[in-house]
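User: I've got a model open and I'd like to learn how to read its features. Can you walk me through it?

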Amino acid sequence: MSSRRGVGLSAFQNRSALSTSYASHGASIRSTNASSLQNQLSVFQSLLHNFALQHGDTIKSDPTFRAEFARMCNAIGVDPLAGSNVKGKGGGKAGGKGSWWAQMLGGDVNDFYFELAVRIVELCRATRGENGGLIEVEECRERVKKGKGIGGGIDVSDDDILRAVKSLGPLGSGFSVITVGSRQMIRSIPKELNTDQSTVLEAIQVLGYITCSMLEDSLRWEHARAETVIQDLLADSLIWVDEQCPEREYWSPVAMGSDDL
């Protein structure tokens, strides 16, 4: 009889006490784990700080090394661009509160993405008549390297270009990165591409050019739909027309420009 389980009110009391004990033990384990993870993160951030100071010159000059360093920062929740758009006049000096990147490596590195962003803005504005405000990231990178029309070239990677464009976001400038087909494009006009327009641009990437009849046959579009999309893209200078063919052919200046790189 002594082995029988408790019944009635005492059983409920024992079960409640057991549940409280489990909850308390679980909370203790979570607190210990959280404290341990926080300590590990603090140690890693300290090591990352020392690494940045030791290899600062390489981070500034080598785009590949800079990209890998930025990925390490992001892996532990440290964004080198965070706070960069609110720089203190003192930079990394006492009394000034620049970004985390500036405090570690100096204002010249903190200003790197701002200088690059300015060059991207100038390049996009200079080429807007050619491409309608849509330029491929790879083409942008190559033009920035060459420095045509915007001063001396600088050695940058695609990752640098993407981060610089991202830094323009808080300004509400309308600059963003979109994907058209398999290519990443910088859009410098505050206008969204609709599904039909994206489909046509992707088709031009694959085929080289399109015609109204190609869209009608391949996509089963009505003539009015195909003509409307083409005219919208023409109005925004996102495609060009070749009228020397039996049927008008439409080409993308973006695709044509990337072939010349």
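Predicted model: local features only at pLDDT ≥ 70, side-chain atom pairs only at ≥ 80, totals over all residues.

User: Are glutamate 142 and arginine 141 buried or exposed?

Analyst: Both glutamate 142 and arginine 141 are buried.

User: How many salt bridges does the structure hold?

Analyst: There are 9 salt bridges. Take aspartate 159 and arginine 163, whose closest N and O atoms are 2.7 Å apart.

User: How far apart are aspartate 159 and arginine 163 in helix α8?

Analyst: They sit 4 residues apart in helix α8 (residues 158–167), so about one helical turn separates them. Aspartate 159 has 16% relative accessibility, so it counts as buried. Arginine 163 is buried too, with a relative accessible area of 11%. Shared partners also link salt bridges into one network made of Arg141, Glu142 and Asp158.

User: Which residue does arginine 119 meet in a salt bridge?

Analyst: Glutamate 115, with 3.0 Å from N to O. Both lie in helix α6, 4 residues apart, or about one turn of the helix. Arginine 119 is buried, at 11% relative accessible area, whereas glutamate 115 is partly exposed at 38%.

User: On to cysteines. What is a disulfide?

Analyst: A disulfide is a covalent bond between the sulfur atoms of two cysteines. This structure holds 0 disulfides. For cysteine 124, the nearest cysteine sulfur belongs to cysteine 140 and is 5.5 Å away. The cut-off for a disulfide is 2.5 Å between the sulfur atoms, so a pair must lie within that to count.

User: Is cysteine 124 buried or exposed?

Analyst: Cysteine 124 is buried, with a relative accessible area of 1%. Cysteine 245, on the other hand, is partly exposed at 21%.

User: Now the strands. In what order do they form the sheet?

Analyst: For a sheet, read off the strand order and the pairing direction. Here 3 strands make an open sheet in the order β1-β3-β2, with antiparallel pairing. The edge strands, β1 (134–136) and β2 (176–180), each pair on one side only. On average, neighbouring strands are turned by 40° against each other, direction ignored.

User: How many bridges join β1 to β3?

Analyst: 3 bridges join β1 to β3 (residues 183–187).

Technical notes: Residues numbered from 1 in each chain as written. Heavy atoms only, no water. Pairing = 2+ DSSP bridges. Helix = DSSP H or I, 4+ residues; strand = E, 2+ residues; numbered from the N terminus. Axes fitted to C-alpha atoms, helices over the stretch in contact; angles between N-to-C directions. Buried < 20%, exposed > 50% of the residue type's maximum accessible area, 1.4 Å probe, protein only. Salt bridge = Lys/Arg side-chain N within 4 Å of Asp/Glu carboxyl O.
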